[in-house]
Amino acid sequence: MTAADPLAGLRPGASPAEAESFAESRMRLATAGPTPPRVPMRRVVLWSAVVLAVESAVMLAADRSLDEVLLPGYLILMAAFGLVFCLGAVTVAGFAAGAAAAGLVVLQPDALLPLLAGAAALALGCGIAPGWARVEAWQAAHARPLTAEEEAAVGQRALSVDRSRGWSRGVRLRNYWRGDRVVAAFLVLAFHPCMAAFSLWFIDWTHGR
Amino acid sequence: MTVVAPGGASSGPGPRPARGRHAAPERLGDVLVEQGVLTPDQLTEALEQHHRVGAPLGAVVLARGWVTRRQLYVALAEVWGADLAFVDPVDVDEELAHRFPAAMLARETWLPLRVEQDDDGQPQVVVATAGRPSAHIAEEVVQRTGIPRVRQVVTTDWDVQRALRTVWRDELVHDAVQSLAERRPDESASTVFVWPQVAAAVALLAATVTGLVLDPSLTMLVLVATVNVAVALAVGTKALISTVGTAWETVEQVTDGEVAALEDADLPIYTILVPVYREAGIVGLLMRNLADLDWPREKLEILLLLEEDDPETLTAALAAAPPDIVRIVVVPHSLPKTKPRACNVGLAFARGEYVVIYDAEDRPDPDQLKKSVVAFGKGGDDLVCVQAALNYFNARENLLTRMFTLEYSSWFDYTLAGLDKLRLPIPLGGTSNHFRTDLLRDLGGWDPYNVTEDADLGIRASARGHRVAVVNSTTYEEANMAVGNWVRQRSRWIKGYMQTVLVHTRHPWRLLRSVGPRQTAGFALLIGGTPLMFLATPWLYAMLVVELLWPGALVPALPEWLVQVSLANLLLGNGVIIYLSLLAGFKRRTYGLVPFALLSPLYWLLHSVASYKALWQLLVNPFYWEKTTHGLSSHVQVTDVPTPDDGPEPAALPPTTAPPADAVRLMDPHDVPVPPPPSTETTSEDPR
């Protein structure tokens, strides 16, 4: 039997062993106080701004056009915030990455499909990235307390939470694949470029009629 | 017992010297044991709880259901050395009664009964109190009547409240309905439009008509451009605020550690107001939903606010025999029949240091009250209200509930968090807003003429220099799952927003000076922009349809650039709305709802339908309260009203073990026999 997913509800008809595992997982989350990953967003924004400034200065010094200056800038923002979104599970970073991708599409409409492929890859990464599991664990531990049955089930056996095994502070959490998380992440990342592409198409279409 | 104010004379036995504080509960306990209503073991346990929680012993034994209210007051009367009386409202001298304000009597739970001759033939005022007879009451009576002799008898708090509701009925209703309108007419929605607003509207209309006659193209340009700017600003403001809120999605205003550090003995009394109208059978549901609240039962007061013209719900509530911490307050009939009016009546009777409103079907997080208390402690003296997040427990029931949940998640998890971070005025949500009771009374309570009294109160609090904050706790409600019901509810909310804007823009400069330009802009764009956005959206869609079907058809009337801007505005606005809904699923990791965000434009069109209904009602029936039907969800198991054959099914609120036997006699205590006069010993015990 695999360890129960503490983030889901216990399925109907679960065996006693599964129920116990489920309860233990939830108890670990509740008692060990999982914390969401703390990505230093100010530092990320600061470093992105510094890199953008350097990049812009170099490109402008090389007498490049505005589009040529903006293009790598968007790429830098998209990559930086895309990674923060994927690895750190920071929702607002997905917003920034998507907006940067939209900027890329405005400059290079042909880039839509590669961008969508990139968004899909990042979204798949979100499906297994440990940061998401930690945020969800934090949510689960805060959203609903253990039921009396769950506490009683766990109380039957001693808990041995080995924090040293964990990849970071707090309890070790298995990373559960979540398809709905992947779809949602893809929508967040892909929405802006799709919107930008649709807007460009619509403008062209109305002008062409 | 007769007590006399300073300078007065006494004709009755004076209070005995007060005993030590620790003697009081033990004395009461001894009396209860002597009377055979409490066992020694129960007394030991109750005393332990009394010392642990810091609540009076009477409250402990009542909360545990070990004694009835009548038994408790019989014992208290003996302990306090006073006579016991059960008050019949018809016995109250109305001329005497109206010298005393109902609000003060409700807060202090006593009332004047009559003037009688004492043994020496001197007049004395008889007062019934549900607390320990005190010099304060005597002084108050002397001050208001000029009669120096005061005889204080003990009665139950329920008797006091019943008499107040009966004898002071008109005053209670008047205070609940007219208090704000009389004290601060500028802050009340009782006047829908003030004359400068009417004049401005007429001038605007006249200018538009004149312009259309003289120069239709220019007028259309100005109109369409204005609408576009307003919509763009409203959508942009919402996007900005929500994005700021998104950045703080894992920030906890109150941590579990801070909650765990609270000691029960330090917790204050908390009052929960539950306004209910035509929701028979809701009491059982209420008890189940509030049963998990982590708060000492002895310090919890639940006021179930029922309407006088709703006997079905009242019957059901009585038959459910709620535990003793639930008090049924029947709100006298009056107009406008709105929830804030009922809440104002409840506020008059509230004894808690803090007060919160829940709907009967609400399921608050167990630690919500404690988190709110911690938030108040951290928030400073200007913090008047803490708003918990609302979300839905039946999100996946149908498409409408999914969309509604996404919208609520976006609003409460991101928009309100953003408003909090930006220190902008926060329009409160319908329930789960926790108040400091004294500050709420100072603010004038809720405006019964405003159909979103909560949003109005949040803005009013900000305008008066107070602050509203959010707390990381959630109350789960029932999402509206029927379109007609949803439109009714939404039209009320939008109408309330319109009322709120009209009220708080009566003196724009005053608002600007009191809250500052940034807050004024935030208020105007969020509260004012929201209805405007909904009203404008169909026109932008109409332009899109015309432009798609008949390309260039609008150009003669409008410049081409404006048509393009309008279409882009519509496109971008919908893009922003979709995107905010996409993000909304992330805070609570309800990813399954996220794809439905793509349907947000359709959902927002439904808002436009409701907004036009709201606008119409604002003009023709501004104070009408569109009742939202609850209990439609299959997740809500509302118990039926028990028939006489069923017998009452007591609703328990753990750890209260059983309902008091006299709970069902709440409304009719006449048959309770008056016990023999008690002894005259006095202690400081008080059941409150």
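I begin with B:Arg510, which is partly exposed at 44% relative accessibility; buried means under 20% relative accessible area, exposed over 50%, and partly exposed in between, with a 1.4 Å probe and protein chains only. Its partner is B:Asp186, and their side chains meet in a salt bridge at 3.4 Å, N to O. By salt bridge I mean a side-chain nitrogen of Lys or Arg within 4 Å of a carboxyl oxygen of Asp or Glu. The two residues are 324 apart: B:Arg510 lies in helix 21 (residues 508-515) of chain B, and B:Asp186 in the loop between helix 9 (169-183) and helix 10 (195-214). Helices here are DSSP runs of H or I, at least four residues, numbered from the N terminus. B:Asp186 is partly exposed as well, at 33%.

A word on conventions. The model is predicted, local features need pLDDT of at least 70, side-chain atom pairs count only at pLDDT 80 or more, and totals for chains, interfaces and linings use all residues. Residues are numbered from 1 along each chain as written, chains are lettered from A and ligands numbered from 1 in the order written, and side-chain values use heavy atoms, without hydrogens and water.

Next, B:Lys613 pairs with B:Glu626 in a salt bridge, the closest N and O atoms being 3.0 Å apart. B:Lys613 belongs to helix 24 (residues 600-620) and B:Glu626 to the segment after it, so the bridge ties together parts 13 residues apart in sequence. B:Glu626 is buried at 5%, while B:Lys613 is partly exposed at 29%.

Finally, shared partners join B:Arg69, B:Asp157, B:Glu301, B:Arg327 and B:Arg351 into one salt-bridge network. Over all chains, the count is 29 salt bridges.
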